[in-house]
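Student: I have not looked at this protein before. Could you take me through it?

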Amino acid sequence: IVDEIIRYNNSQNPIKPSDFRSTDRHQERLRRQFDAIPDAVYFGTRRGGENDSARRPKQAISSDTVAQCLASFHGQPGTGYHKLRNIWENDETYSTYFSDSTTATHMVFCYSLLLAVQRAKLDLTHREKRDALAEDERETLAVFRQRGSQFLLVAAVGSSIEILLDRPVADRFTLSFGTEVSPHDGRALWEPILDAVLPFANCLRAEELKGSLRNESRVEEAVASFRSIVRSTARGNRPVFADFAQNVEGA
């Protein structure tokens, strides 16, 4: 009852949905695990005092962004993009992404993929300003400009992970770069993979999805098409994939 009163009546200091998980045991455990990861700070869903945002270091990782990355990498980009509030408020949805299986290193693995996707978009945008894009790159940039495209690409790469690693993956939550890899270093490990698979991003165009990540069946079809092309080109990209796989722990 107290939670409901706070949720719907606090206007002076608006409550974020994630605030109601601030004392959750998984968030507390993950905050401790992040202490071992270089150049990464995770406050979980804890905001602290009124000046908390001003005191957050640059290497702080947003709990909302991590939740979106986890949902997307594990096959639900629509949840990550359209239903972030539901991740925090719905117990069943929350436990899908934050459970005993969730580790800080896996969160960095997913989050650093998003960083690589964001860097790829930024690079294309800068090159467009210099009129230095090939036609296929313009098409890729057009995909990036769709709503939710970054999380959709995280989902597409996540769905292809067995191809990238050239081994079965029984549980994606076990995948990580280990405790010694920062989010920045993780991004560098993902970047060659993005370079190899970005030409296939046309499978993720808005017209293929009927314009929305809420259309789950269309999203699944688009991601499956992306994965099929990754598989068909895996032999040619094997050196890149193999170098990446050497840095990935878990299966």
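Tutor: Let us begin with a term: a residue is buried when its relative accessible area is under 20%. Please also keep in mind that the model is predicted.

Student: Is C203 buried or exposed, then?

Tutor: C203 counts as buried, because its relative accessibility is 16% and the cut-off is under 20%.

Student: And what about C110, buried or exposed?

Tutor: C110 is buried as well, with a relative accessible area of 0%.

Student: How many disulfides are there?

Tutor: The count is zero. For C110, the closest cysteine sulfur belongs to C69 and lies 6.9 Å away, which is too far for a bond, because a disulfide needs the two sulfur atoms within 2.5 Å.

Student: Changing topic, how many cavities of 30 Å³ or more are there?

Tutor: There is one. The largest cavity holds about 30 Å³ of space.

Student: Which residues line the largest cavity?

Tutor: Its lining consists of V143, F144, S149, L153, L198, A201 and L204. Six of these are nonpolar, one is polar and none is charged. Helices α9 (135-144) and α10 (149-159) each contribute at least two residues to that lining.

Student: Where is I163 found?

Tutor: I163 sits in helix α11, which spans residues 161-165. With 6% relative accessibility, I163 counts as buried.

Student: Which residues does I163 touch?

Tutor: Leaving aside residues up to four places away in sequence, I163 touches R227, V230, R231, A234, R238 and F241. R227 is 64 residues from I163 along the chain, and their C-alpha atoms are 8.4 Å apart.

Conventions:
Residues are numbered from 1 along each chain as its sequence is written. This is a predicted model: local features need pLDDT of at least 70, side-chain atom pairs count only at pLDDT 80 or more; totals for chains, interfaces and linings use all residues. Side-chain values use heavy atoms; hydrogens and water are left out. On a 1 Å grid over the protein atoms alone, a cavity is a set of points where a 1.4 Å probe fits but cannot get out, and a pocket is an open set with protein on both sides within 12 Å along at least five of seven lines; lining residues have an atom within 4 Å of a point. Grid points are joined across faces, edges and corners, and a volume is the space filled by probe spheres set on the points. Helices (H or I, at least four residues) and strands (E, at least two) are DSSP runs, numbered from the N terminus. Ala, Val, Leu, Ile, Met, Phe, Trp, Tyr, Cys and Pro count as nonpolar, Asp, Glu, Lys and Arg as charged, and the others, Gly among them, as polar. Buried means under 20% relative accessible area, exposed over 50%, partly exposed in between (1.4 Å probe, protein chains only). Contact means heavy atoms within 4.5 Å.
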